[in-house]
Amino acid sequence: FLVRYPLSGYSNSALFWLGNAQFVLKNYPAAVLSFRKMIARSPGYVRVPEAWLAIANCQLELKEVALARKTLEDLVANFGQSEAADIARERLLRIKQ
């Protein structure tokens, strides 16, 4: 879909769900790239906070705890009123340095 219709109004949604599928398949580096591409293309897209949370989840799976902490902190700082930020706050309490 993304190759055939790169300018589609659904491309952000396609990237988001591609990243989720890659996460489920445990292809965490590819998932991070998909989420980051979506964020870079449309920083105001409604699913951007969820994408940041998903990136942090990938980083935790990759044992990149310091990066995950930073991603979660950035999520809270930039999207503090979102549901994803609420989840990020909870995760930050559980992450040990």
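L67 is found in helix α4, residues 65-78. Helices here are DSSP runs of H or I with at least four residues, numbered from the N terminus. The model is predicted: local features need pLDDT of at least 70, side-chain atom pairs count only at pLDDT 80 or more, and totals for chains, interfaces and linings use all residues. Residues are numbered from 1 along each chain as its sequence is written, and side-chain values use heavy atoms, with hydrogens and water left out.

L67 is partly exposed, with a relative accessible area of 45%. Partly exposed lies between buried, under 20% relative accessible area, and exposed, over 50%, with a 1.4 Å probe and protein chains only.

Buried residues of α3 include V48, P49, A51, L53 and I55. The buried residues of α3 pack against α1, α2, α4 and α5 (83-94). After α3 comes K63, whose phi is positive, near 65°.

Helix α2 covers residues 28-41.

Leaving aside neighbours within four places in sequence, I55 is in contact (heavy atoms within 4.5 Å) with V32, F35, R36, I39 and T71.

The largest nonpolar core has 13 residues. A nonpolar core is a set of buried Ala, Val, Leu, Ile, Met, Phe, Trp, Tyr and Cys residues joined through side-chain atoms within 4.5 Å. F35, M38, I39, A51, I55 and C58 touch the most other members. The elements giving two or more residues to this core are α1, α2 and α3. The most comes from α2, with 6 residues. A second, separate core of 8 residues includes L53, L75, A88 and L92. In soluble globular proteins, nonpolar side chains tend to be buried together.

Terms used. Expected span 1.5 Å × (residues − 1).
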